[in-house]
Amino acid sequence: MIEPARHSMKKSPNDIDRHVGSRVRARRLALGITQEALGAALGITFQQIQKYEKGVNRIGSGRLQGICDVLDVPVGYFFDGTPGTEGFGADAAKDFDAIMTMPDGIRLVRAFMALGDPGLQRNLVVLVEAAVGLGCGSDPVKNVRESHGRP
């Protein structure tokens, strides 16, 4: 009698698993939570958190809900900008992931939010855009003045 081949039922991670993992990392870093603290809150090791964040291990639905509870986001947050999806917000999600994984990205976002003044935040954006050549000219001070209708 021939035995049927036994195949592993474990599915290997794919692009979506890696995307979800990167969103877990970005949110964790944005909140200033360590891998150890997140793992402890979930009753798992920081090594397991590392594997989730790198997309090496898939995150089960129950575990994902636990991560949502600790990181205070809805489940959909982790799927924003999922590879292969089109639509509003996909590019913004990629940009968010990119800046939140840069060494100074979190510091920049926190400092920007701490400004608290929308006008000052807008001025800062205009200044940065001008610095990288995305603004309407090469003079950052002039760009800030023009954005407020001043000569």
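## Helix α3 and its cover

The buried residues of α3 are covered by parts of the chain that include α1, α2 and α4. This comes from a predicted model, and the residues concerned are Gln 48, Ile 49, Tyr 52 and Glu 53. Because they cover an arc of only 135° around the axis, these residues lie on the same side of α3. After α3 comes Gly 55, a residue with a positive phi, near 80°.

## The chain as a whole

The chain holds eight helices and zero strands, so that, read from the N terminus on, the order of its elements is α-α-α-α-α-α-α-α. Of its 151 residues, 30% are buried, and the accessible surface comes to about 10,100 Å², with 59% of that area belonging to carbon and sulfur atoms. When contacts between residues at least 6 apart in sequence are considered, 54% of them join residues at least 24 apart.

## The largest nonpolar core

The largest nonpolar core is made up of 20 residues, and those with the most contacts inside it are Val 24, Leu 38, Ile 59, Ile 67, Leu 71 and Phe 78. At least two residues of this core are supplied by each of α1 (15-31), α2 (35-42), α3 (46-54) and α4 (61-71).

Glu 53 is, in turn, one of the buried residues of α3.

Not counting residues up to four places away in sequence, Val 73 touches Arg 27, Cys 68 and Phe 78. Arg 27 stands 46 residues from Val 73 along the chain, while the C-alpha atoms of these two residues are separated by 8.7 Å.

Val 75 belongs to the loop between α4 and α5 (90-100) as well, but with a relative accessible area of 34% this residue is partly exposed, a term for values between 20% and 50%. Together with Ile 16 and Phe 79, Val 75 forms a nonpolar patch on the surface, and the accessible area of the three residues together is about 210 Å².

Note on methods. Residues are numbered from 1 along each chain as its sequence is written. This is a predicted model: local features need pLDDT of at least 70, side-chain atom pairs count only at pLDDT 80 or more; totals for chains, interfaces and linings use all residues. Side-chain values use heavy atoms; hydrogens and water are left out. A nonpolar core is a set of buried Ala, Val, Leu, Ile, Met, Phe, Trp, Tyr and Cys residues joined through side-chain atoms within 4.5 Å. Buried means under 20% relative accessible area, exposed over 50%, partly exposed in between (1.4 Å probe, protein chains only). Helices (H or I, at least four residues) and strands (E, at least two) are DSSP runs, numbered from the N terminus. Patches are made of residues with over 30% relative accessible area and no salt bridge: like charges are joined within 9 Å, nonpolar side chains (Val, Leu, Ile, Met, Phe, Trp, Tyr) within 5 Å. Accessible areas come from the Shrake-Rupley method with a 1.4 Å probe; for residues, only the protein chains shown count as cover. A salt bridge is a side-chain nitrogen of Lys or Arg within 4 Å of a carboxyl oxygen of Asp or Glu. The arc is that of the directions from the helix axis to the C-beta atoms. Contact means heavy atoms within 4.5 Å.
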